[in-house]
Amino acid sequence: MYDEPMRVLVVTLPDRGNYHPLLGPAAELVRRGHDVVFTCQADIAAELQAAGAKVHLPDGVQPPLREDGEKLAKLLFDPVSLAGINRRLLIDSPRFFVEPLRAVIRAVKPDVIAIDTVAYAGVIAAELEKIPWVGWATSLGPVIPDSFDSRLIRTLRLLESARASLFASYNVNARFRVADVVSPRGTAAL
């Protein structure tokens, strides 16, 4: 089934905590003879290329805005800031990235797409382009038991209606665990 080399497009987010965990599985695919290309909604090409990855970014992407560790920690501790960050990342940002990502998919012509499970635009674009996709989770979201509770989980529940609306606007059905979209073909928690 996987004897022939495949072209794999890896869709990641621009935060190091999102793309660093994906580098190892991608490198293993390359070692096994597959052609792996990364894409992102921000220009992290230099960092990915320094790690040995091939990159194909959408036209016109800009470098990511990054907060320093202390400032980011304060933002994440504040419930209002946390809700705003999650809304921008999970609901607002994907709307702008779906069409540019579809263009990348058409240019790269992947056989399969490995998508960071919170990169919703990747799931929507893969479904619209009818390319099979798998989830690569950079958190434990897909394996957290239903009984588990936290401030982050409560904050994310507030976005469920907006998330459902986002996916419905593209006529894409999806299943979620916490913030992570779960692939019907398989999701790995890295």
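This is a predicted model: local features need pLDDT of at least 70, side-chain atom pairs count only at pLDDT 80 or more; totals for chains, interfaces and linings use all residues.

Residues are numbered from 1 along each chain as its sequence is written, and side-chain values use heavy atoms, with hydrogens and water left out.

**Overall**

The protein has seven helices and eight strands. These are DSSP runs numbered from the N terminus (helices H or I, at least four residues; strands E, at least two). The radius of gyration is 16 Å, close to the 16 Å that the globule rule gives for 190 residues, so the protein is as compact as a globular protein of that length. That radius is taken over C-alpha atoms, and the rule is 2.2 Å times the number of residues to the power 0.38.

| Property of the protein | Value |
|---|---|
| C-alpha trace span along principal axes | about 45 × 35 × 30 Å |
| Buried share of the 190 residues | 42% |

Buried means under 20% relative accessible area, exposed over 50%, and partly exposed in between (1.4 Å probe, protein chains only). Of the contacts (heavy atoms within 4.5 Å) between residues at least 6 apart in sequence, 65% join residues at least 24 apart.

Six strands make an open, parallel sheet in the order 3-2-1-4-5-8. Strand 3 (54-55) and strand 8 (187-189) are at the edges with a single partner strand each, so one side of each lacks a neighbour in the sheet. Pairing requires at least two DSSP bridges between two strands. Strand 1 (residues 7-12) and strand 4 (residues 112-116) pair over four bridges. Here L9 stands opposite I113 in strand 4.

T39 belongs to strand 2 (residues 35-40). Its relative accessibility is 0%, so T39 counts as buried. Leaving aside residues up to four places away in sequence, T39 touches several residues, including L9, V11, H56 and L101.

**Helix 7**

Helix 7 (residues 160-169) has A162, R163, L166 and F167 as its buried residues. They cover an arc of only 135° around the axis, which puts them on the same side of helix 7. The arc is that of the directions from the helix axis to the C-beta atoms. S161 and A168 are exposed on the other side. Just after helix 7, N171 takes a positive phi of about 55°.
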